[in-house]
Amino acid sequence: MIQFTNVTKHFKKNWAVLENITFSIDRGEFVFVTGKSGAGKSTLLNHMYMKLLPTSGEVVVDSFSSCLARKKEIALLRRKVGMIFQEFLLLNDRNVYENIALPLRLAGLSEDEIRKRTLKILSYTSLSHKMQEQVTYLSSGEKQRICIARALVNDPLLILADEPTGNLDKENSDEIISLLQNIHGQGTAIVMATHNTDLVASRPFRRIHLENGRMPDTVAEH
Ligand SMILES: Nc1ncnc2c1ncn2[C@@H]1O[C@H](COP(=O)(O)OP(=O)(O)OP(=O)(O)O)[C@@H](O)[C@H]1O
Ligand SMILES: [Mg+2]
């Protein structure tokens with residue numbers, strides 16, 4: 001479902017943030033992207049929803065190619081991808097329900113359909129009892145569950161999670177990973193960038209490891 005072929009990304013001349021990256025990820029797979037701070041993990045994930053396009057090489061996600069994609073097609077791709085970030089990026093002045101319903105409003109669904117889907121996801125992420133609360137007052141673990149719910153509400157093919165446990169303690173991190181594992185169990189592909197090596201070591205998923213923007217052969221996949 002995701003294919004990177006010889007992807008190189010330069011922000012400045014003569015300095016590759018990603019260099020000659022080739023790998024593929026299957027439909028429904030769960031993959032960790034690991035590596036030190038600055039290794040290029042976020043840059044790699046940003047190519048998966050075409051926020052960034054490669055300087056050379058090709059990224060294909062679902063049927064969308066970075067070589068051919070136009071703005072309109074990139075917008076279509078993004079409807080199939082849910083994004084989760086370390087900093088949550090929620091609307092703090094709205095309640096939980098409205099934050100989760102937002103992608104459905106943007107997609108132009110009817111009020112009935114929005115309500116049906118949002119209530120289902122609220123229940124799935126154990127947030128039903130918080131739906132009327134304003135996001136500002138919630139804990140970090142709850143905020144990240146809202147982000148997952150918002151990413152999930154459009155029924156995406158793929159969820160990209162960039163350091164989703166970066167602001168959480170161990171207990172909340174484990175809860176978030178369990179929720180992502182559960183979502184993966186329902187058939188959604190998940191790509192999660194993290195530098196939390198303990199967390200990666202304790203899970204059975206494939207790893208794409210970056211060192212200075214490269215995938216060293218020996219540790220690339222196992
Ligand atoms: N838009 C940009 N313009 C210039 N340089 C950038 C840009 N985005 C990232 N970089 C550089 O690319 C390198 C890789 O950054 P990236 O954010 O992908 O790393 P990361 O592995 O996600 O790190 P962290 O674990 O700290 O999140 C860094 O040296 C960063 O400064
Ligand atoms: Mg990053």
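A polar backbone atom of G40 sits 3.0 Å from an oxygen atom of ligand 1, a polar contact in the sense of a pair of N or O atoms within 3.5 Å. This is a predicted model, in which local features need pLDDT of at least 70, side-chain atom pairs count only at pLDDT 80 or more, and totals for chains, interfaces and linings use all residues. Residues are numbered from 1 along each chain as its sequence is written, chains are lettered from A and ligands numbered from 1 in the order in which they are written, and side-chain values use heavy atoms, with hydrogens and water left out.

Let's stay with the ligand for a moment. A backbone N or O atom of A39 lies 3.2 Å from an oxygen atom of ligand 1, and an N or O atom in the side chain of K41 is 2.7 Å from an oxygen atom of ligand 1. On its own, ligand 1 has 640 Å² of accessible area, and the protein covers 60% of that (Shrake-Rupley method, 1.4 Å probe).

Which residues make up the surroundings? There are 13 residues around ligand 1, and S37, G38, K41, S42 and T43 come nearest; a residue counts as near if one of its heavy atoms lies within 4 Å. By class, this shell has 4 nonpolar, 6 polar and 3 charged residues, where Asp, Glu, Lys and Arg count as charged, Ala, Val, Leu, Ile, Met, Phe, Trp, Tyr, Cys and Pro as nonpolar, and the others, Gly among them, as polar. Strand β2 (15-25) and helix α1 (41-48) each supply at least two residues of the shell, and α1 gives the most, with 3 residues. Helices (H or I, at least four residues) and strands (E, at least two) are DSSP runs, numbered from the N terminus.

Now for the helix packing. Two packed helices are described by the angle between their axes and the distance between the axes. Helix α3 (residues 96-106) and helix α4 (residues 111-124) have axes that come within 9 Å and cross at roughly 125°. That makes α3 oblique to α4; angles under 35 degrees count as roughly parallel, over 145 as roughly antiparallel, 65 to 115 as roughly perpendicular and the rest as oblique.

Helix α5 (residues 140-152) packs with helix α6 (residues 170-185) at an angle of about 15°, their axes 10 Å apart, and so α5 is roughly parallel to α6. The axes of α3 and α5 come within 7 Å and cross at roughly 30°, so α3 and α5 are roughly parallel to each other too.

Technical notes: Polar contact = N/O pair within 3.5 Å; in protein donor to acceptor, adjacent residues only side chain to side chain. Axes fitted to C-alpha atoms, helices over the stretch in contact; angles between N-to-C directions.
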